[in-house]
Structure formats: structure tokens, C-alpha cells
Amino acid sequence: MHRSTTPDPLHRPDVVVVGAGVAGLAAALTATAAGARTLVLDAHGPGGRARSADRDGWQLDLGPHAIYRRAAFERLLDRHGIAVTGGRPAARELRLVRDGHAHRAGLDPVAMARTKLLTPGERWQLARFFGRLRIVDPSTLSGRTVADWLAPLPPGARRFVEMLVRVATYTDAPTVLDAGAAARQLRIAAGPGVRYVDGGWGSLVRSMVDTVARAGGEVRPRTAVRSLAVTPDGVEVTTTDGERWSAGAVVVATGGPEVATRLTGAPVRGADRLTPPVTASVLDLCLRRPVPRLAFGIDEPLYLSSMAPAARVAPPGRGLVVVMRYVAPGSTPAEPEVQRAELRAFAALVGVDPADVVHERPMHRLVVTHGAPTAAGGGPAGRPGVDALDLPGVFVSGDWVGAEGMLA
């Protein structure tokens, strides 16, 4: 590929993708598979929020990552021949936490509905709810908030479902989150479920980069884009070090709507239909022994899961647990040390011995998604489309774009 202020049209890329996270690499896979000459530029390196870090043999993702089985991302990987191996959460070791006490429970909806944390009447209402969930068309729920959808349930059952919505969507916003989006995620979580990835999500990123390269595309790290401009010859991409590329089309797949506007100067149509960025506070615990465990907070938005031994992300004979507090969109987490102490205490409450911890890695404020679908915005169908910048040849991609899916 040729770099120049006046690129040779025979060698210029057909498509430039800005950002080498999951969304950018997915765009590059699609473009190269269609025969397009594709260049991916990233200010850092491939992966974005899907990168993994090696800590003495532990593969640490940026927060608890899981692939939703048979959902959009897994289907894309399948189309491009990228195999995913790994395991499922430690369902037999589920703990539900309420009022500072941990209670054993089963993971499937029927077992959860039998929990002693609910009265017989609440269990009956919960069983009815799950029965309806299996047959309802989620699109009929769009335009309603999760809180409105769950309002007919008695308080105990309502808090129970709100807990499951948090787990399935990574979002703690029942008064604004779209019920149709939540119902879709609940059905996936209760049906095909999720898989933790051997080697961490960094292994998926490497496979995606390799597949792009084999198809003739290029992923160029440490190349930050300063601006995009539509010209009579296509779309001009200018990097922060002054390089210029001209392409037939550009996909902006980095950050949220504000980044797309900063790079292009154009407003994102439909950005006001999203929540503010959804964030979480996370604590990774590298353990000297495996501790299979899964825990959800009922009265507090807390979560814990053993990533290893479910997946190969720890040295042999070791364990890896991730603890998280869901932070409501637009909210600020507690002070770092206060938050870290809460996550440690939650882990100890559900059976993770502090003496087993070899390494800790706190992450105070991680972006989960750049914007969740709101009821007021019409749910997933109301999110910005790929052409939301209204610029010829310039498209957007990411976890805040399009009518299908949430998260990856």
C-alpha cells in the first residue's frame, strides 16, 4: 500500500478502518473477504478493549469477557473460520448474595426459581415470567424500560430478574435500558449461554489479525488518525504525524459517538438515543489454586466468576477469579481503595480465600460499552446506523451501532 499526499489510485486502499478493536477487525474481515484492499490503523495496537495482558502466565482480559453462544460475534468468527475454544462458567458453584449472606443456587432459570430467597408466590411469578420469556418476541418490548417491563412482578422476583438483566447486559440501568434489548440478552444467556475463551480474548484478536493478513489486508499499529475528510476522490485520512491516505471508504471503529464526531466534524445521528458510556469497576485475582465459583449480588450490583479453570487463562493448577461492580451509566464509582476493598470482601464472602491470592489487578473504571440502547430511543432499532455521520463513504462500527446485539 502506498502512502502519499496524492496517492496512486492503483495502490490506494479500498477501505481504511480506524481502530483495531473487535469492531474494527470485524469490519476488516468483512472487507477483505469481499476482495477489498483493506488497511486498519490503530493508535496503539490490535485489540482495544479485547486485548489481554500476561501476568506471570495468567492471561488477563480487560474485565470479565465471555462470548455469547450463537450470537453475532461468534457467528462472524465462524464465517471466517476462526475457531473458539474454552469453557463455561462454574454453574454448579453459583452463590446468590443478599443482605451480606451468600446462598447456594442453580444457574438455570428453573433452579433459580426454586431458591429459598423467594417466597412461594414470588417463585411462582418468576416461573411464569421465564415461561413467557421463551415465547415473547423481544421487539414487542422495545420502547419500554426494564423497570416498566418488570413492574408487575412482586419485589423479590423483580430484584431477581433485574440481577439477571445486569449479568446478561453488563448494564445496571433498569429505568432507562430498553426491555427488548434486555429480553434478547436474557434469552441468549438462558439458552446457548456463554463461553470463556482459552488464552483470553487476546487470542481471538491475534486470530482475527492473522486472518485479515492472509486475505491481503494490513493492520498497522501505533498510527493515530487525526481527521477524516470527504474529497472528490474519496475519503482522505490524515494521521497525527502528517501522513495522508485516500480510500474509497472509511470505517470509524474506535471509541464512541464523540470520537466519530471529533475525527470528522460531523454529528452522529441518533447518538442521543443511547445511554452515556457504561462502566464497571473490576478486580482480577490470580490464585495459587483453582476456586470454581460464580456469584451474583441481588441487592448490590456485584458479580464474580472463575475464568480459570473454565478456560485456559492461568498456569496449570492455578485459578483466576474476576470480581466486578456494575456502575450505572453516567455514575462515578467509589474511590479506588474503597471500591477495591468492596470487591475483595465480596470475593471472600463467596469462598475465595485471600491467602490464595498471588496477584491482584484493580481497574477502577473500565468502559463496558460506549452506549446502551434506551427505551426512549426505541431500543436497538433506534441506535445509530452505520451511515449515521451522513458523510459519503464514511461509516461507523462498534458496540453502540446497529439494530442487532449488545456488547460484542
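Leaving aside neighbours within four places in sequence, Asp356 is in contact with Cys286, Leu287, Arg288 and Arg289. In this predicted model, Asp356 belongs to the loop that runs between α10 (336-349) and β19 (357-369). Its relative accessible area is 8%, and Asp356 is therefore buried, the limit being under 20%.

Strand β16 comprises residues 294-297 and joins strand β7 through 4 bridges, the two running parallel. Within this pairing, Arg95 stands opposite Ala295 of β16, and Val97 has Gly297 of β16 as its bridge partner. Strand β16 is also joined to strand β17 (residues 302-308), here by 3 bridges and in the antiparallel sense. Ala295 takes part on this side too, with Leu304 in β17 as its bridge partner.

How are the side chains of β16 arranged, and are its residues buried or exposed? Leu294 and Phe296 point one way from the strand, Ala295 and Gly297 point the other way, and all are buried. In general, side chains in a regular strand alternate between the two faces of the sheet.

Strand β7 (residues 94-98) is mostly covered as well, with 4 of its 5 residues buried. Besides its parallel pairing with β16, β7 pairs antiparallel with strand β8 (residues 101-105) over 5 bridges. Val97 stands opposite Ala102 in β8, and Val97 is also the bridge partner of Gly297 in β16. The hairpin of β7 and β8 has 2 residues between the strands, and Asp99 in this hairpin takes a positive phi near 55°.

| Strands | Sense | Bridges |
|---|---|---|
| β7 and β8 (residues 101-105) | antiparallel | 5 bridges |
| β7 and β16 (residues 294-297) | parallel | 4 bridges |
| β16 and β17 (residues 302-308) | antiparallel | 3 bridges |
| β6 and β9 (residues 194-197) | antiparallel | 2 bridges |

**The open sheet β5-β9-β6**

Three strands form an open sheet in the order β5-β9-β6, with antiparallel pairing. Strands β6 and β9 (residues 194-197) pair over 2 bridges, and Gly86 stands opposite Val197 in β9.

**Thr211 in helix α8**

Thr211 is placed in helix α8, which covers residues 201-214. Its relative accessibility is 13%, so Thr211 counts as buried. The side chain of Thr211 reaches the backbone oxygen of Ser207 at 2.8 Å. Apart from neighbours within four places in sequence, the contacts of Thr211 are with Leu29, His80 and Ile82.

**Cavities**

The structure contains 3 cavities of 30 Å³ or more. Strands β4 (58-61), β9 and β18 (319-327) each supply at least two residues of the lining of the largest cavity. The greatest share comes from β4, with 3 residues. By class, the lining of the largest cavity divides into 9 nonpolar, 4 polar and 2 charged residues.

The second largest cavity holds about 40 Å³ of space. The residues lining the second largest cavity are Arg98, Leu117, Leu118, Gly156, Arg159, Phe160 and Ile298. Helix α6 (residues 155-169) gives the most to this lining, with 3 residues. The lining of the second largest cavity consists of 4 nonpolar, 1 polar and 2 charged residues.

Conventions
Residues are numbered from 1 along each chain as its sequence is written. This is a predicted model: local features need pLDDT of at least 70, side-chain atom pairs count only at pLDDT 80 or more; totals for chains, interfaces and linings use all residues. Side-chain values use heavy atoms; hydrogens and water are left out. Two strands pair if DSSP finds at least two bridges between them. Buried means under 20% relative accessible area, exposed over 50%, partly exposed in between (1.4 Å probe, protein chains only). A polar contact is a pair of N or O atoms within 3.5 Å; within protein, one must be able to donate a hydrogen and the other to accept it, and residues adjacent in sequence count only if both atoms are side-chain atoms. Contact means heavy atoms within 4.5 Å. On a 1 Å grid over the protein atoms alone, a cavity is a set of points where a 1.4 Å probe fits but cannot get out, and a pocket is an open set with protein on both sides within 12 Å along at least five of seven lines; lining residues have an atom within 4 Å of a point. Grid points are joined across faces, edges and corners, and a volume is the space filled by probe spheres set on the points. Ala, Val, Leu, Ile, Met, Phe, Trp, Tyr, Cys and Pro count as nonpolar, Asp, Glu, Lys and Arg as charged, and the others, Gly among them, as polar.
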